[in-house]
Amino acid sequence: MELRQLECFVAVAEEGSFTRAAARVHVVQSAVSATIASLERELGATLLERTSRRVRLTEAGRAFLEPARAALVAARTARDAVGTATGTIGGTLRLGTMSSLAGLDLPRLLGTFYRRHPGVEIRLATSADGSPGLVQALDHGHLDAAFVSLIGPPPRGLRLELVASTRLLLAAPRSHRLAQRTSVSIRDLAREAFVDFPAGYGNRAVADEAFKTVGLDRQVAIEITDVEDGATYVRNGLGVALLPESSGRTASELVHIPIADSDLLWKIFLAMPETHATAAARALRTLVAQAEQPETPEP
């Protein structure tokens, strides 16, 4: 029995689909099917019921799932122990990220990580559900670490490290009725159409909470998944937006106005399991803590 067989089985069991499982383990679907078939022959039992619409665990599959998960965790733990003893880190870093990370230069960070730990394969993933989707992936063991934006207490079982924080300002066209103001209040924005991220995204949650605090609803007319797209929509007169201080500053058609009565801080955290964090994830956490002094790439 090979670890690759266990990895493919767990992926299919959790995703409920050979197609999604293949994307998760980065192999073609036919290879996943062949690997599962080989595992079933070796065990002498059918683990999965396959239909045209879905994949379900058999009774044997349900009995096998938790031991298979435990074996994968044990294998990662054993690999990390050897790395700790030899001073090297290997394996894979499965890292989740949001589509926008204001205040954090992720390519530079990962470039530095790779130079320090060339034996680690980096797999970067996003979630269509934003930070809640990344948290769920961490909880299910699909990711080793993730950059997320959350408000309120941290989810149970996760450790959060603050890595960046940026203030949200009102971005509006220079022709807007509030463009000459040096600051505005949340109530000043009650009738505005907004350009914003989908519900569940971290910066959207910050803005929604600010309006909720003063008892107001707001209209989100256009949903985006990239900060710079927001500035573009605002520039073309399709609404206003609450954007990070650093976004859209080069657009001469926009003004950026502070919100006087609300502390709109968009916080980005590095999240990882409180226990059983991989050596690669712990090494990333160490690097993030040192990010104020970025490493210069070697020539």
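The legends below describe close-up views of a predicted model.

Residues are numbered from 1 along each chain as its sequence is written. Local features need pLDDT of at least 70, side-chain atom pairs count only at pLDDT 80 or more, totals for chains, interfaces and linings use all residues, and side-chain values use heavy atoms, without hydrogens or water.

**View A. Crossing of helices α1 and α2.** The axes of α1 (residues 3–15) and α2 (residues 18–25) come within 8 Å and cross at roughly 130°. Axes are lines fitted to C-alpha atoms over the stretch in contact, with angles from 0 to 180 degrees between N-to-C directions; helices are DSSP runs of H or I, at least four residues, numbered from the N terminus.

**View B. Salt bridge between R4 and E7.** The closest N and O atoms are 2.6 Å apart; a salt bridge is a side-chain nitrogen of Lys or Arg within 4 Å of a carboxyl oxygen of Asp or Glu. R4 and E7 are three residues apart in α1, so about one helical turn separates them. R4 is partly exposed at 30% relative accessibility, as is E7 at 27% (buried is under 20% relative accessible area, exposed over 50%, partly exposed in between; 1.4 Å probe, protein chains only).

**View C. Salt bridge between D208 and R204 in helix α7.** The N to O distance is 3.0 Å. D208 is partly exposed at 29%, whereas R204 is buried at 11%.

**View D. Network of salt bridges.** E14, E15, R20, R24, E66 and R69 are linked. Within this group, E15 and R20 meet at 3.8 Å, N to O.

Notes: Helices (H or I, at least four residues) and strands (E, at least two) are DSSP runs, numbered from the N terminus.
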